[in-house]
Amino acid sequence: MIITEYISKNFQTINLKSSIEKAKSLMFEQQVNHLPVVNEGKLLGNLNASLVSKINPEDTIDKYIVELEDFYLHNTVLIFDSLKSFSDNETNVLPILNDKEEYLGVVLEETIIDEFSSLPFISDYGWFIGITTPIKKYSISEISNIVESNNGQILGLTVVKTDLETTQILLKIKAENISSIGDTFERFGYIITNRYFEDIKKELLKDRYNQLQKFMEV
């Protein structure tokens, strides 16, 4: 799941001599809110759609070089690293650079959503449960035993937040009786912070992605 496996083909960028009108047109065609500005194979920055909407469409990009936003990912990172970058930069497109800082292409948020939608943690029918436990008591094996002893199956587990005293964990569980699993967690001293059901309807995939993105940011 290296980020370069998800580089979008045929994505068009702009250069310093491109017009604002061309940038606006490409943003609309490619449905992105930023557009990389590339000159001789080097990324100069990213033009924001909000800026494009306010300036003279006949101007060229070089007049606004100081307004370009500086964000990208290197080609060695995993797609999980893109989650925080998409959120931090409020963008749906991320430029990818190699170790020589050369521009390789972009990864689109939509592509990452599609990839995450195929993971069992996102797509499989099951329950999300948030639990909190003292950090000294945190044990993946114990959590697994609790779920499996109640005829459940863990589809995914991620640590949402940890501090000096507690660890918050998000579980996705496949089980017929989620109540018995929750009751067992509570008997073992875990605090149930939330529990709710998710199905596999296509229209919910974006919401699930956003939720996972939020958890990855912590």
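Asp59 is buried, with a relative accessible area of 12%. Buried here means under 20% relative accessible area, exposed means over 50%, and partly exposed lies in between (1.4 Å probe, protein chains only). The side chain of Asp59 meets that of Lys63 in a salt bridge, at 3.4 Å from N to O. A salt bridge is a side-chain nitrogen of Lys or Arg within 4 Å of a carboxyl oxygen of Asp or Glu. Lys63, by contrast, is exposed, with a relative accessible area of 56%.

Before going on, please note that this is a predicted model, in which local features need pLDDT of at least 70 and side-chain atom pairs count only at pLDDT 80 or more, while totals for chains, interfaces and linings use all residues. Residues are numbered from 1 along each chain as its sequence is written, and side-chain values use heavy atoms, with hydrogens and water left out.

## Salt bridges

How many salt bridges does a search of the whole structure find? The search finds four. Side chains of opposite charge can pair when their charged atoms come close. The table lists some of these pairs.

| Asp59 | Lys63 | 3.4 Å |

Helices (H or I, at least four residues) and strands (E, at least two) are DSSP runs, numbered from the N terminus. Asp62 is partly exposed at 27% relative accessible area, whereas Lys17 is exposed at 63%. In the remaining pair of the table, Glu142 is partly exposed with 23%, and Lys137 is partly exposed with 31%.

## The chain as a whole

The secondary structure comes to eight helices and nine strands. Of the 218 residues of the chain, 45% count as buried. The chain exposes about 11,900 Å², and carbon and sulfur atoms supply 49% of that area. Accessible areas come from the Shrake-Rupley method with a 1.4 Å probe; for residues, only the protein chains shown count as cover. Among contacts with a separation of 6 or more, residues 24 or more positions apart account for 63%. Contact means heavy atoms within 4.5 Å.

## Inside the protein

In soluble globular proteins, nonpolar side chains tend to be buried together. A nonpolar core is a set of buried Ala, Val, Leu, Ile, Met, Phe, Trp, Tyr and Cys residues joined through side-chain atoms within 4.5 Å. Which members of the largest nonpolar core touch the most other members? Of its 24 residues, they are Phe11, Ile14, Leu35 and Leu47. At least two residues of this core come from each of α1 (20-30), β1 (34-39), β2 (42-48), α2 (49-52), β4 (93-97) and β5 (103-108). The largest share, four residues, is from α1.

Leaving aside neighbours within four places in sequence, the contacts of Leu35 include Phe11, Ile14, Ala23, Leu26, Met27 and Leu47.

Asn48, in strand β2, is buried too, with a relative accessible area of 18%. Not counting residues up to four places away in sequence, Asn48 touches Met27, Asn33, His34 and Glu69.

Helix α4 (residues 109-117) has Glu109, Ile112, Ile113, Phe116 and Ser117 buried. Why are these residues on the same side of α4? They cover an arc of only 140 degrees around the axis, which puts them there. The arc is that of the directions from the helix axis to the C-beta atoms.

## Out at the surface

Leu164 lies in the loop between β7 (153-162) and β8 (166-174) and is exposed, with a relative accessible area of 82%. Leu164 and Ile135 are 29 residues apart in sequence and 7.2 Å apart in space, C-alpha to C-alpha.

Lys100, in the loop between β4 and β5, is exposed as well, with 59% relative accessible area.

Leu78 belongs to the loop between β3 (73-74) and α3 (80-88) and is partly exposed at 40%. Together, Met1, Leu78 and Phe80 make a nonpolar surface patch of about 230 Å². Patches are made of residues with over 30% relative accessible area and no salt bridge: like charges are joined within 9 Å, and nonpolar side chains (Val, Leu, Ile, Met, Phe, Trp, Tyr) within 5 Å.
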